[in-house]
Amino acid sequence: MIQKGSRVQIRRAGVGNVRTGAPIRPNDRIRLASVSKALSGGASLRLVSKGRLKLKDTIGKLLPYLPKDWHRVTLAEALHHTSGLPDFTGTEGFLKYFGSHLRGRIAPRKLLAFARKEKLNFKPGTRYRYSNSDNIAVGLMVQAVTGHNYGAELRRLVSRPLRMRRTLLPRGARLRRPFTHGYDVAKDGKRPEDLSQVASMSFVWASGGVASTPLDLNRFIRGYLGGRLFGDKVRARQHDWVLGGSGPPGPGINSAGLALFRYQTRCGTVYGHTGNFPGYTNFTAATPSGRRSVVVTVNTQYNEGQDPDVYRDLRRTWSYAVCAMLSN
């Protein structure tokens with residue numbers, strides 16, 4: 001999907017349901033995966049603009065129950081992936097628990113508990129390292145200052161202002177219909193395995209659990225970049241760039257800001273986020289004004305380590321989409 005001003009172009013290939021042959025439709029739900037991190041950025045930075053949160057607020061101040069070694073990590077560092085927080089998704093305890101409780105539910109605090117015995121990867125603010133723990137901490141900070149459930153605050157602060165009517169944060173494995181089915185595409189000729197509802201979203205929560213649609217995601221990135229959630233002062237703070245890629249890396253040269261990535265491509269520079277999860281891979285970006293935007297969603301998972309050749313082709317497709325968006 002590409003939008004230039006009021007003109008929207010939609011291109012589709014393949015199907016959204018291999019059993020029925022139904023096409024991929026722009027108003028059917030998908031798993032946003034790590035693009036959810038941009039939405040947690042939208043919620044927390046809107047609270048910053050309202051004076052409810054500060055970028056220098058620390059884990060020690062807002063989440064004192066977390067390990068003392070983590071207490072000096074700030075909201076800004078968590079949004080920037082310069083916190084040094086160990087990634088709970090890479091711990092042996094999490095992987096074992098997740099594998100045996102795929103459709104179960106788990107509290108956000110317990111996600112970080114899997115990493116509580118791990119030391120910080122580095123002194124906060126000194127390096128970049130992508131970590132799912134960062135956005136779990138951000139979501140918990142939002143809850144701490146508002147006193148409300150993060151999902152409710154995400155609706156109030158982001159979805160409603162941007163008219164994202166089909167966006168939600170499910171806690172379980174169910175994906176509300178209608179949705180585009182996500183698959184594991186078998187290489188041995190077997191029928192693709194449907195992964196759409198195989199795992200509970202409570203295991204990724206604010207770091208990857210949002211369900212939305214391509215149309216809603218397009219509304220989000222345009223509003224997020226275009227200043228509809230917070231003003232120029234906060235937007236300027238987002239643009240504190242360090243070299244670092246989104247997960248998976250987006251097109252061109254990647255740099256990390258606060259809950260935002262810069263993609264410097266051969267056709268120009270755009271800003272957005274990527275994400276993948278079993279069954280889904282997403283890329284969205286926009287120009288600084290939000291007037292031009294792009295959304296590319298694929299209903300299977302690709303990343304640089306899983307299938308390098310196919311992922312290279314997908315990343316090239318993202319670049320082509322950016323060029324088409326920026327062309328006159």
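This is a predicted model: local features need pLDDT of at least 70, side-chain atom pairs count only at pLDDT 80 or more; totals for chains, interfaces and linings use all residues.
Two strands count as paired here if DSSP finds at least two bridges between them.

**Strands S7, S8 and S9**
- S7 takes in residues 242-243 and S8 residues 253-256, and the two pair in the antiparallel sense over 2 bridges.
- Across that pairing, valine 242 sits opposite alanine 256 in S8.
- S8 also teams up with S9 (residues 261-265): the two run antiparallel and are joined by 4 bridges.
- Over on that side, asparagine 254 faces tyrosine 263 in S9.
- S8 and S9 make a hairpin, with 4 residues between them.
- Check alanine 259 in the turn of that hairpin, where phi is positive at about 55 degrees.

**Largest cavity**
- There are 2 cavities of 30 Å³ or more in the structure, and the largest has a volume of about 30 Å³.
- Its lining is made up of Gly151, Leu154, Arg155, Ser159, Thr167, Leu168 and Leu169.
- Sorted by class, that lining comes out as 3 nonpolar, 3 polar and 1 charged residues.

**Second largest cavity**
- This one holds about 30 Å³ of space.
- The residues around it are Ile24, Ile30, Thr180, Thr297, Val298 and Asn299.

Note on methods
Residues are numbered from 1 along each chain as its sequence is written. Side-chain values use heavy atoms; hydrogens and water are left out. On a 1 Å grid over the protein atoms alone, a cavity is a set of points where a 1.4 Å probe fits but cannot get out, and a pocket is an open set with protein on both sides within 12 Å along at least five of seven lines; lining residues have an atom within 4 Å of a point. Grid points are joined across faces, edges and corners, and a volume is the space filled by probe spheres set on the points. Ala, Val, Leu, Ile, Met, Phe, Trp, Tyr, Cys and Pro count as nonpolar, Asp, Glu, Lys and Arg as charged, and the others, Gly among them, as polar.
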